[in-house]
Each structure stands twice: as structure tokens, then as C-alpha cells.
Amino acid sequence: MAVSCRRLANNRTYLASLAAHDICRLTRALQMSQQSGILQQGATEERGENARMASFVGAVAVADLVKSTLGPKGMDKILQSMGRGQEVTITNDGATILKSIYVDNPAAKVLVDISKVQDDEVGDGTTSVVVFAGELLREAELLVNQKVHPMTIIAGYREACDCARSVLESIAFNHQSDPALFRKDLLNIAKTTLSSKILTVDKEHFANLAVDAILRLKGNGSLEAIHVIKKTGGTLQESFLDEGFILDKKIGVGQPKRIEDARILVANTPMDTDKIKIYGARVRVDSMAKVADIEAAEKEKMREKVRKIIDHGINCFINRQLIYNLPEEMFADAGVMAIEHADFDGIERLALVLGGEIVSTFENPETVKLGSCKLIEEIMIGEDRLIHFSGVALGEACTIVLRGASSHILDEAERSLHDALCVLKETVADARVVYGGGWPEIRMAKAVEELASRTPGKKAMAMEAFARALRTLPATICDNAGLDSAEIVANLKAAHGADAESRMGVDVVRGEAGDMAELGIYESFRVRQQVLLSGTEASEIILRVDDIIKCAPRKRG
């Protein structure tokens, strides 16, 4: 008996070692089968479940990275560059965070791109679209594990998206015909947008600044006429809107500090006399007198250039490049105000605002379009001197001057204000408005679930997953505010189920469900629509992936 037991134990050990050997052999065979043999050395390939899992993991990780910044109580991120300057950026703007980080996962790059597109298209909702797409992929991963084919999930997501879009269009309202109500809508949208930014403490003040600036455009779709200047010192509350254009430069030495009825030539031309502009040029001379002759010839050439500029009949000359001492002195003698080294963005905007053109040659004064304004004067903001242009040709032009304690605060304030201006611009173009605070997501999720209950087959599971992903946005707002998201979302579901016209959404101040109309929490229809469509399309393109091929860069030589 003992001998047979020992023999059985030995057989079990042998079988166990054999099984381990077979597993290793099968794994090695699988890896060899995955290598197709046509890829160059250094290239790698992931197929099937491995590729899909890598896509899911990368996309969900990016969504989780920015998830904590969503909503009025969202947290900020510190982004530190590892370059020479080690610049620090403090922000909670999703697009700024994602474009500042290096991402190696291809699926994660898709989410970074949709965040950038959201920022370019409507200016806000950059975090929402990434979180929504990440939740759709998280739900899709669970469905794939339940043996639901990705194409079935995509079909369900498409039908759910169409249903949600039609609901969103039906619940939007429009007050563009009533200027007073429309301005109130714009103010509420601006305050809602700024609630999740650094400007939330003074959102009333900045909402009024943004709305006044947008309404000055009179329906013009470009934000070029709104100039933003950042000046450290003071508090954010001291920021103000100025009619006209303020240029952050100084007037040349010995020149007039105030000009009325200005005729302005905007130029991009070299105005220096002490160097030859031909790189690699060599001049041989046999005496120092010849060097003096060359310098004199250069000065005479510059004098002729300045005379041609003055012959345009101007009293103000603005140049993108530096203006050296000799031409500055000649402009002062002629009573012409000279402003140098205006940066290229600034000079393009200045030419637009003043109604002129940027000039590089001065041979034909009759073909040059000069800019004009009623008054140019030097002003003080804090300790700095700036140049103020009032009565400009483009009447919509205005300047927002931001004050703050540090450059980091001012940079984040500028990003926040830019988001508000972009959203308001889109609202003026498409005046439809919806309530905020997760109200549209709850309404859309309810409609999608009703559609799923009438849909046969596995597509219904995808639709239910889509509805759960929609409800994640108000739940995330609650979580970031330290509230009980499960209870509040359940209360919202019950409120909307009992009353089809319910206006209940998340009230993070009181920590409960609240009436969005009474609280004045409004959002632009375009922002919510873009979040819905972009998030669905991004999740669909990632779901379609079943193969990831990474190729090594081609070697030189």
C-alpha cells in the first residue's frame, strides 16, 4: 500500500511538471503565432483581447486623471515642466492638463485629441467629454467580458446617442427674441462656466465683464476684437473692461505722449542701422575711414527709409521690430509717435482694430491703408505704463485687464475667462440654452433607458450602459464636492420619474437636489451637444480596435 501511494505521488508530481511545461510551450507558441513574420525587427503587435484591453486601460486611465477636476468643487493639478526653466502651471482645465502631459497609449491620445477639439469648438466641457468617453469605455469593457461583441455595443451606443440628442434638442429653450431675458441667460451661462474655475469667488463680476465684451461684438463670430492683458498686483476683483485697445508697450523717448485724430502706419520692417543684414557677408577695407564710410552709407539709407515713412502723412508709427536710436530721433523731430517691438499677435490684432494693414515696403504711399483712432495716450496700470487707443475704427474692440497676485493666478484666470468668452460666443450664434447641474444627463438617461426597455437583443444592454455613463457626470460632480452621489442621483431619478417637467439637478452648495431654474444654473446647448457627440464617437473608434502595431523608427544611415 505504501509503495502504491508513493508511486501515485510521483505520478502526480510528474503530471504537474508536465502541465507546467505544456503551459509554457503553449504560451511560447501563442507568442510566436502573434508575430506575423512580416514586421521589421523592433516592431511589436498586440491582437484581439490584448489590444482591446490595452485600449480600455489607457483611455480609462486618462479619464480618471482629469475626473477629479470636474464640477464647481473640482480640484486643481500642478503641472511642472522638467525642462530648463521647470515652469509650473496650476489649472483644472481638462484641455490644458491633457495637452501638457506626454501620453504613450494610442487610445489615450484619442481622448486627448477630443478634449482639444472640444476646446477649439466650444471652449468648455473639455473635462466632461473625456470623463463621459472614459465611462462609456468602462461600461463597454464589462459588456465585452460578458461576451457581447464590440459591433453590437457600437450599434447600441449609436441608437442611444441619437435618442439622447433628440431629447437634448427638445428640452432646450431660446430667449433670443427678448434682449433682457437673453442677457440674463448669458449671465447665468457665464456664471455656471466660471463656477468650476479659479474665478468662482468673483464670478458675478467676471460674468458681467464677459457678457459686456461679447455683446459689444454685435454677433461677430471672432474673439480677435477682445484683447486680454495680465498685470500682476491688486486683486482679481480689480479687473476691468476698457472700451478701445490697450497695447502693453511704451512710447519712444522724446516723442509726443498724446495724439488726437491719429493716422497710424502699422509696419513689420527692420529699423536698425548698425549691422548688415546679409548673413556670412565679409567686407575687406584698408583703413578705418572706409569702415566709417560704410556706417555713414547705412545711416543715410535708414534716413531715406524714415523720410519715406513720414511722407505717408502719419503721426504715429508702430513697428513689430526694434527701432534704433537714429530713426527714433528722426521720428521725434518730425513729431511722429514711434512704438517699437509690438509682438506679432499684438500687431495683427492692432491692425485689425485700427482698420489698417501691416506694411513692409514704403515706395507707394497711395496704396497703403492707414489705421486711425480718435486718441492715443499713455496710461498707468499699477506701476506700468501702457498705450491706450480709444475711438478705434473697429467699434466693437475692447480690452479686459486682469489683475492678480501672481502670474500663475493670472494665467489660470485668463484660461477661465477665455472659456467663458468662447461659450458665450457660441450661445450668441446658437441661442439655445439648457439647465445645468446634471439635469440634461438625467433627462437623456431616462429616455435612453425607456428606449432600451423596448429594444430586443443585446443592443438593449449597450443602451442601458450608455444611460449609466450619462448618469456618471452628475455623480462625479457630487463625488468631487464630497457628497453622497448614490443618494443624490437616486433622488434625481425619482424626481424626473415622477414629473416629466422636473427641473431638478445637483445643488453642490446645499448638498442636495435643487431646482436649476431657481438657482440660475444654465449651460449652452452647443456645449452639451458637443460633449454627447464627441464622447460617443471617441468611444466608438476605440471600441473598433482589435490590433495595435507599434513600429520602431527607421534608423539613419
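Helix H7 (179-195) contributes the most to the lining of the largest pocket, with six residues; helices here are DSSP runs of H or I of at least four residues, and strands are runs of E of at least two, both numbered from the N terminus. The model is predicted, so local features need pLDDT of at least 70 and side-chain atom pairs count only at pLDDT 80 or more, while totals for chains, interfaces and linings use all residues. Residues are numbered from 1 along each chain as its sequence is written, and side-chain values use heavy atoms, with hydrogens and water left out.

The largest pocket has a volume of about 840 Å³, and of its 43 lining residues the closest to the centre are Pro72, Thr192, Ser195, Ser196 and Glu523. On a 1 Å grid over the protein atoms alone, a pocket is an open set of points where a 1.4 Å probe fits, with protein on both sides within 12 Å along at least five of seven lines, and lining residues have an atom within 4 Å of a point; grid points are joined across faces, edges and corners, and the volume is the space filled by probe spheres set on them.

The structure also holds eight aromatic pairs, for which ring centres of Phe, Tyr and Trp (its six-membered ring) must lie within 6.5 Å, with planes under 30 degrees apart counted as stacked, over 60 as edge-to-face and the rest as tilted. Phe173 and Tyr522 form an edge-to-face pair, because their centres are 5.7 Å apart and their planes at 85°. Since Phe173 lies in strand S4 and Tyr522 in strand S18, this pair ties together parts 349 residues apart in sequence. Both residues, Phe173 and Tyr522, are buried (under 20% relative accessible area, 1.4 Å probe, protein chains only).

Technical notes
Buried means under 20% relative accessible area, exposed over 50%, partly exposed in between (1.4 Å probe, protein chains only).
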